[in-house]
Amino acid sequence: MTTMKISFLCVCSVAVAAVAAGAELPSGVNPNDPVLQAGCLDVTKAPYFADPTGTKDATDAIRRAVDDARDHKLVCFFPEGTYLISDTISCEQQVRKLDKPRFVEGGRRADYWHINRQIVMIGSTKGKKRPVLKLSPDAKGFDDPSKPKICVYIWAHTWYGDGTGEQPNISFNHIFKGIDIDVRGHAGAIGIRHSGSQGSTLQDSTIYAEGAYAGMNNCCGQGGGTYNVQVLGGRYGIVIEPSSRFPILTACAFKRQTEAAITYAKGGSQVPTLLVGCAIEPSAHCAVDFTTQRKYAGINMVDCAIAARSGGVVARTRKSENIYLEDTYVSGAGSVCTGDAKFPTTDGWTHVVRYSSSTKGAVNLLNGVQSTGEIAEWKPAGAVPSYETLRERHYARGPSFEDEDAVNVKSFGAKGDGKTNDTKAFEKAIATHDKIFVPVGDYRLSGTLRLRRNTHLFGLERTYTTIGEAAPRRGRRANNDRDSFSLLTVDDADAAPGLSFLTVRGRIDWRSGHGTYMLASGPPHFSGHGGGRLYGVMAMRQPFVLSGITQPTSFYALNIERVLTNPQSKMTDCSHVRVYYFKVEAGTIDRANAGDENTPCQISDSRDVRIYCMYGNVRKLGDRPMLDVVNSDGIMVSQLKAFRPDTFPHLMETYGQSRSEIPSTKICALFMRDAGGYTGLQK
């Protein structure tokens, strides 16, 4: 591909130079395009000229723009409009051939390695409607439901074999945000497949699927997540396969599906599916269909509203399945599972306070007493939360560089060239504005950067934008007295700062009670009144510690792995903490004396802590448990399991002088410790 080198002068506008001096641009792109200055390739501009009126086919233009944006560290940007496509938009994270093979994952040979070039597709927020990718009525190959075909496919080439297959667990940092998809009328069409791993997300999208096969195939999870996605129509809302990486669906809606909102394919699922703050209103007799495959890992539904067809069930089952519901409202369905005990009424709404069932070999540990079987508590409900209410509890759209009240830090003199100290520019921006856009670049900062009560620093994608210390040399740490950097939030329970889609190289002191942390790299250190909602937090090779937390704090898609201390993460003297999907990994570094054979999490001297789904690749722990609970009350954990049973316990609880444990040969269906004397819930 022909490229040219350019440099820019900074101007006082939100759309100032975001492309670093010396950056390469695709041939034919106008270097003075205002949207390019924000780090975006406009698909409607030269050299792509994708038609936004829905008249001319835009497939080839979009494909070129996606590839060029990936290869030049830019966003593929869609202004408002309708883009007609006639074939799959394949968005590929590529691999390179290794000079000599690596041996990974238990000695498996890898002849290829991934290239860290991200797929970032973002829709404009300026228009009255989101941009739409619309499947043409004449599109071929999308009309056979026995051979479903994907409209938008975001995926990673594999390390193995000839490097051409898909490997979801290395599909890193890919973003599809603010773009709708319309596949209506094509019986074999699937709106999008995005099996994203760490840093990947699908957000703010509506998929119109009436008359289509499904809205989604798999979704993003571990260290990323799926947020505020609606699927309208289709035989299925989402079809999940074993390759889906710890799938979490937050503040999503599935409506008018004719078979089921959620179903499974190609053997079921390797791990449970988690829905939180979701609304489910299928036209079918069930919300979840567990009868299409042989094996399933289960599902959790928390703070959801499910309106099934009259006489149906929440989950269609052939046998006992791993199912957990909490604070979920149900209407239409007569029971949770096929053949289960009946709800008190099918005419109105039932409030499922808590429900747990499991497959054979699973156990409950309730106040130190092991048991098996179903647990349920429900009652007739009055008022039911709307989808908007559910969504607001768990998600709110973050700032956009197109917002009228957003400013670009470069308009205050920041360079982002990896050399200039930009601390003063950031301080000037923070002093006068709340929404501060940090374009593509490496911004050297020193000392302490103090955010105000509502300061929100945001980029486009976290590997594109780095703030803080210089990158360490290979084999060395970045921290030294001269270049040390910390970011400090206000110590106030009501303060609501934010960090989104950027990397902080330095210490993050998180002390505000209502903050938002969306796919930012660099786990925060909590103190004072620290709390809020945190999405896609990762701690890789460094411990993650919560101590003395008292403000409501929610983690979505928390990912802890390969930490060289025991335990890898701790919650000590904490309360009001929620973890919606906890992906863990330990004992997987393939070398002698690696030092990562550590308990992924310990909860001690804490109250009111709940973990919904704790799964992962955990090995070589010996006598150490996967989860260690010590002298804590009001603790709940649903569906805890390591991929491979071993000698270590899944869960160990120390309570006063007593100790209980669940071995890794048994799934922990439900763990609860309640000082109030909980002994079991009754129907």
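The model is predicted: local features need pLDDT of at least 70, side-chain atom pairs count only at pLDDT 80 or more, and totals for chains, interfaces and linings use all residues. Residues are numbered from 1 along each chain as its sequence is written, and side-chain values use heavy atoms, with hydrogens and water left out.

Helices (H or I, at least four residues) and strands (E, at least two) are DSSP runs, numbered from the N terminus. Strand E23 spans residues 273–276. Thr273 and Leu275 point one way from E23, and Leu274 and Val276 point the other way. In a regular strand, side chains alternate between the two faces of the sheet. All four of these E23 residues are buried. Buried means under 20% relative accessible area, exposed over 50%, and partly exposed in between (1.4 Å probe, protein chains only).

E23 pairs in the parallel sense with strand E20 (residues 248–250) over 3 bridges. Pairing requires that DSSP finds at least two bridges between two strands. Isoleucine 248 stands opposite leucine 274 in E23. E23 also pairs in the parallel sense with strand E26 (residues 299–302), over 4 bridges. There, valine 302 of E26 is the bridge partner of valine 276.

Helix H3 covers residues 387–394. Its residues Tyr387, Leu390 and His394 are buried. Seen down the axis of H3, the buried residues fall within an arc of 65°, so they line one face of the helix. The arc is that of the directions from the helix axis to the C-beta atoms.

Threonine 455 lies in the loop between strand E39 (447–450) and strand E40 (456–458). Threonine 455 is buried, at a relative accessible area of 0%. Its side chain reaches the backbone nitrogen of arginine 452 at 2.8 Å. Not counting residues up to four places away in sequence, threonine 455 touches Ile430, Asp434, Ile436, Pro497 and Gly498. Contact here means heavy atoms within 4.5 Å.

The structure holds 0 disulfides. A disulfide is a covalent bond between the sulfur atoms of two cysteines. The criterion is a pair of cysteine sulfur atoms within 2.5 Å. For cysteine 220, the closest cysteine sulfur is that of cysteine 219, 6.8 Å away and too far for a bond. Cysteine 220 is buried, at 0% relative accessibility. For cysteine 252, the closest cysteine sulfur belongs to cysteine 278, at 4.9 Å, which is also too far for a bond. Cysteine 252 is buried at 0% relative accessibility.

How values were computed:
Polar contact = N/O pair within 3.5 Å; in protein donor to acceptor, adjacent residues only side chain to side chain.
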